[in-house]
Each structure stands twice: as C-alpha cells, then as structure tokens.
Amino acid sequence: MPSLHELVRAHTDLVEDDVAWLQLLMADWQILADLSFADLVLWLPDREGRGYWAGGQMRPTTGPTALVDDVLGTFIPTGRRRMLDEAYTTGRLVREGDPEWRDDVPVRVEVIPVRRAGRVIATIARNTNLLGVRTPSRLELSYLQTAADLTQMIAAGHFPLSGQRSDHADSPRVGDGFVRLDVAGRVVYASPNGLSAYRRLGLQGDLAGLVLTDLTRELVPARWRPDEETLSAVLGGRDGRATEVGTDEVTLIVRSIPLLPQGERSGALLLVRDVTELRSRDRELVTKDVTIREIHHRVKNNLQTVAALLRLQARRTDAEDAKAALEEAVRRVGSIAIVHETLSHAVEETVDFDEIADRLGSMVVDVSGVEVPVRVVREGSFGKLPSEAATPLAMVLTELLQNAVEHGYAGVPAATSGRVAVTARRIVGRLHVVVEDDGQGLPDDFDLDSSTQLGLSIVRTLVESELGGVLEIGPGSRGTRVQADLPLE
C-alpha cells in the first residue's frame with residue numbers, strides 16, 4: 001500500500017507543514033475512531049482538482065467496522081461523493097440524512113474538514129456501521145459527546161495538539177480508561193476502566209464530582225508524583241500531554257487532551273492506563289542489562305588477571321620459545337578482554353567492532369618486537385556485531401595483525417616503515433575483511449593446508465568453524481593479503 005508521503009508527492013500540492021499536520025492528526029485519530037464507534041478515511045485533494053485520494057484509514061476498536069475492504073490509495077473523482085466536495089469547498093462538517101447501504105449494511109457518513117493555518121487541506125470521512133448502534137448508555141453518550149468536541153476542533157484547526165502522541169507503545173487508549181473533566185478540572189464522568197484504575201490507587205467510592213488533581217495528591221505519595229506544575233496542568237486538563245502517577249504497587253499513565261470545540265477550553269478528555277506490569281517488566285529488563293554488563297566487566301577483569309599471570313610467568317622463563325609462546329597467549333587473552341570491556345559499556349549485546357579493531361591494531365603494534373615502525377590503518381567499517389561473533393573475530397584479527405607485523409617486517413632494515421591495512425565491507429548480508437601488508441610477502445613454499453603455525457591454525461578454525469566463513473591467504477600487491485568472507489546473521 002502507498003504511504004501518505006508517496007500519495008502526497010504523487011498527487012497533491014500539499015506542502016511539508018501540511019503533511020506534518022496530517023501525520024500528527026493520524027497519530028491520534030484512533031482516539032476519534034474509538035469515541036465515534038466509526039471508521040475514518042483521510043481524503044487528500046488532487047493537485048489538478050480531479051478528485052480525492054485516500055491517504056489513510058482507521059478502524060474502531062470499540063465497535064464493528066463499516067469498511068471491510070482497505071481503501072488506502074483509492075481515488076474518487078469530483079462529483080461522485082457530494083459530501084466530500086461540499087466539506088472541502090465550504091470548510092463545514094457535512095452529514096448525510098439517510099444512511100448508505102454497503103453489502104447489506106446501513107452506514108451513516110459524515111465528512112469533517114481538516115483545517116490548518118486557516119485553510120482546508122484535507123477531509124475525513126467518518127463511517128458508522130448502524131447495525132452496531134444500540135440504545136446508548138451513559139458511557140456511549142460521553143464517548144459521542146467527546147467525539148463531537150474533537151470533530152469541531154479538527155474543523156476549526158485546533159486539533160491535533162502538540163505533545164505526546166497516542167501511537168507510542170505505552171500511550172493509553174480510549175478502552176484503557178476514559179475520564180471527562182469540566183473546565184474546573186472536576187470529573188464529569190469516568191468509564192468503568194477509568195474508575196478501576198483509580199481504585200487501584202486506593203480510591204473508595206466514585207470519581208464523579210471530585211477534583212482530580214486534589215484526589216491524586218491524596219492518593220499518590222509525593223515521591224511518585226510529577227512536579228506540581230505538571231500535575232495541575234495534566235490532571236487538571238489544561239495541557240495536552242501525559243504523565244505518570246502511582247504508588248509503590250501501582251503505576252498509571254494519564255494523558256490529557258484539552259477540549260476546545262469553540263476555541264475556548266470547555267473541559268478535557270483524560271485517558272488512563274494501568275502500566276504496573278509493563279513498568280515491572282521494564283525494571284526487570286534494566287536489572288538484567290545491568291547484570292549482563294557487570295558480568296562482562298568481571299570477565300574482562302578475570303582475563304586481565306590471567307594475562308598478568310602469563311606475563312609474570314614469561315618474565316621468569318629463560319627459554320625463548322616458551323617466553324614467545326606465553327607472550328602470544330597474553331595477546332590472545334587480551335583481544336578477548338577488549339571485547340568484554342566493550343560489551344560492559346554497551347546497552348545491547350552488540351558491539352561497535354570498529355573500536356575493537358582500532359584497539360587491537362594499536363595493541364599489536366605496541367607489543368611487536370620488530371624494529372621497523374609499522375602503522376595499522378582501518379578502511380571501511382565493520383559496523384555492529386553480536387557478541388558471539390565479536391569474540392572469535394577479535395582473535396582472528398589479532399592473529400592476522402600479529403602475523404602481518406612479525407613475519408612481514410622481521411629482518412627488514414630499520415630505516416624503512418611498514419603499513420598494514422585492515423579493510424572491512426558489508427556486502428549483501430556478508431562481512432568481507434581483508435588484512436594486507438606491504439612487507440616481505442609469503443615464502444615461496446607456503447601452503448595454508450600444510451601450515452603448522454598455531455596462529456594460522458587458530459585463524460582457520462575460528463573463521464571456518466566458529467564463524468562459518470571462508471579464509472584465503474595469498475600474495476598482495478606488495479606483501480601478503482589475507483581475506484575472510486563471513487556471513488552476517
């Protein structure tokens with residue numbers, strides 16, 4: 001289905017501010033659909049005046065739909081729907097006296113002009129399935145009265161309001177809890193769900209007739225209340241935004257929408273949602289994230305302790321082969337420790353591997369025993385990688401850089417300099433990594449399959465088995481070129 005932006009660009013003369021207004025309206029029009037028990041369709045005027053394009057559609061959650069099929073992207077020519085023409089040209093709400101019949105269903109249609117900055121930029125057709133209409137209760141009458149106020153605000157250009165939108169994941173909906181206030185902030189009507197939400201806070205009796213701000217101050221401890229200005233503005237119905245109130249056991253989100261059907265505030269609609277369980281899960285997730293980061297921090301500390309012990313043993317060893325092996329082990333442990341250190345600061349279990357690659361390059365150069373000054377440079381980006389891939393890839397990169405520095409420049413005159421380039425590219429779900437130096441190159445008799453070097457054995461095992469990739473080693477433009485092609489899941 002086409003998006004609002006696509007339809008606007010292709011068929012209308014609406015400017016960017018108009019589109020932003022319509023997007024803000026559509027972010028909140030679920031409220032109007034639910035209060036009206038009706039389907040809403042946004043109609044955009046064609047730039048050539050030929051008719052109207054359906055730019056959005058919303059079904060109610062409080063009643064049966066009047067539109068079984070999706071109409072988004074469809075076109076109605078001028079003259080076919082008189083009500084659309086009249087509402088757009090006159091800027092007034094248009095109601096049809098007799099219902100339309102659609103698939104044996106009687107549908108009442110109303111068209112609301114959408115006004116911004118003094119001009120009509122679109123219309124909303126409100127379609128009510130009359131088979132779902134019954135003798136209205138006080139709840140339904142309150143819904144319909146509030147829907148009428150919002151309708152007048154849309155036609156006058158007073159709605160939508162800036163502030164929190166109802167398309168946020170935790171924003172309260174009409175069915176969560178509905179409270180209607182008068183201009184003084186006194187409760188005129190509260191739905192059963194709205195009343196239940198406040199009874200969870202400790203209310204005894206009914207909400208009707210009470211000043212909501214005063215009641216909330218009595219029920220909610222000061223440490224769980226917002227500041228007094230926010231409390232008075234939101235729960236008094238003067239400001240169109242949301243806030244949280246609660247106790248040690250209960251948390252509510254309260255969203256206020258001031259009602260200005262004639263341009264002056266006549267009261268407010270408050271939507272109330274009990275988010276106690278949601279906030280409890282949020283706290284559990286935060287606790288888990290902190291625990292995971294602490295584990296990574298402790299693993300890093302333990303690995304550094306292991307590296308220090310290996311380094312101490314290397315200093316006490318006289319055999320050069322044993323000393324070299326221990327120093328290589330220190331570097332391998334250090335590369336893993338860098339990954340865990342990065343994860344200990346990350347919010348998610350992914351790491352920015354560019355930072356790790358740069359640190360590994362510096363570490364290898366700092367501890368290398370060659371006399372030639374070698375510079376490791378990174379070209380391209382590894383991007384974010386999951387922790388299960390970052391650890392083996394860090395070891396692979398450490399071994400490759402170590403081999404490039406020590407074997408590529410061993411015995412080279414100190415007057416020269418060396419350069420090792422690490423290139424990373426993401427291509428169609430794969431990560432392509434190349435390590436290339438300008439050193440002495442590979443021996444003439446080099447064969448990866450028959451090589452007995454521990455470092456290359458580690459690299460090959462990690463690339464092919466752990467990471468599921470492909471490893472290639474061969475001559476480069478001057479020295480040695482190693483490339484690994486790895487899948488990204």
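Student: What should I know before we start?

Tutor: This is a predicted model, so local features need pLDDT of at least 70 and side-chain atom pairs count only at pLDDT 80 or more, while totals for chains, interfaces and linings use all residues. Residues are numbered from 1 along each chain as its sequence is written, and side-chain values use heavy atoms, with hydrogens and water left out.

Student: Why is T480 called buried?

Tutor: Buried means under 20% relative accessible area, exposed over 50%, and partly exposed in between (1.4 Å probe, protein chains only). T480 has 11% relative accessibility, so T480 counts as buried. T480 lies in strand β19 (residues 480-487); strands are DSSP runs of E with at least two residues, helices are runs of H or I with at least four, and both are numbered from the N terminus.

Student: Which residues is T480 in contact with?

Tutor: Contact means heavy atoms within 4.5 Å. Leaving aside neighbours within four places in sequence, the contacts of T480 are V435, E436, D437, G441, L442, I473 and G474.

Student: And why does D149 count as buried?

Tutor: The relative accessibility of D149 is 9%, so D149 counts as buried. D149 sits in helix α4 (residues 138-156) and touches R180, L259 and P261, not counting residues up to four places away in sequence.

Student: How do you know that the length of helix α2 agrees with what it should span?

Tutor: The expected span is 1.5 Å times one less than the number of residues. Helix α2 (residues 16-36) has 21 residues and should span 30 Å; its end C-alpha atoms are 29 Å apart, which agrees.

Student: Where does α2 bend?

Tutor: At D28, by about 50°. The bend at a residue is the angle between axes fitted to the seven residues ending there and the seven starting there. As for cover, 16 of the 21 residues of α2 are buried.

Student: What makes the buried residues of α12 line one face?

Tutor: In helix α12 (residues 454-466), the buried residues are G455, L456, I458, V459, L462 and V463. Seen down the axis of α12, they fall within an arc of 160°, so they line one face of the helix. The arc is that of the directions from the helix axis to the C-beta atoms. On the other side of α12, L454 and S465 are exposed.

Student: How do you know that β1 and β2 pair?

Tutor: Two strands pair if DSSP finds at least two bridges between them. Six bridges join β1 (residues 39-45) to β2, and the two run antiparallel. L42 stands opposite G56 in β2. The two strands form a hairpin with five residues between them, and G49 in the turn has a positive phi of about 75°.

Student: What makes β2 mostly covered?

Tutor: In β2 (residues 51-58), eight of its eight residues are buried. Three bridges also join β2 to β3 (residues 75-77), again antiparallel.

Student: Why do β9 and β10 stand at the edges of their sheet?

Tutor: Five strands form an open antiparallel sheet in the order β9-β8-β12-β11-β10. β9 (187-190) and β10 (242-246) each have a single partner strand, so one side of each is left without a neighbour in the sheet. Within this sheet, five bridges join β8 (residues 178-182) to β12 (residues 267-274), and the bridge partner of L181 in β12 is A268.
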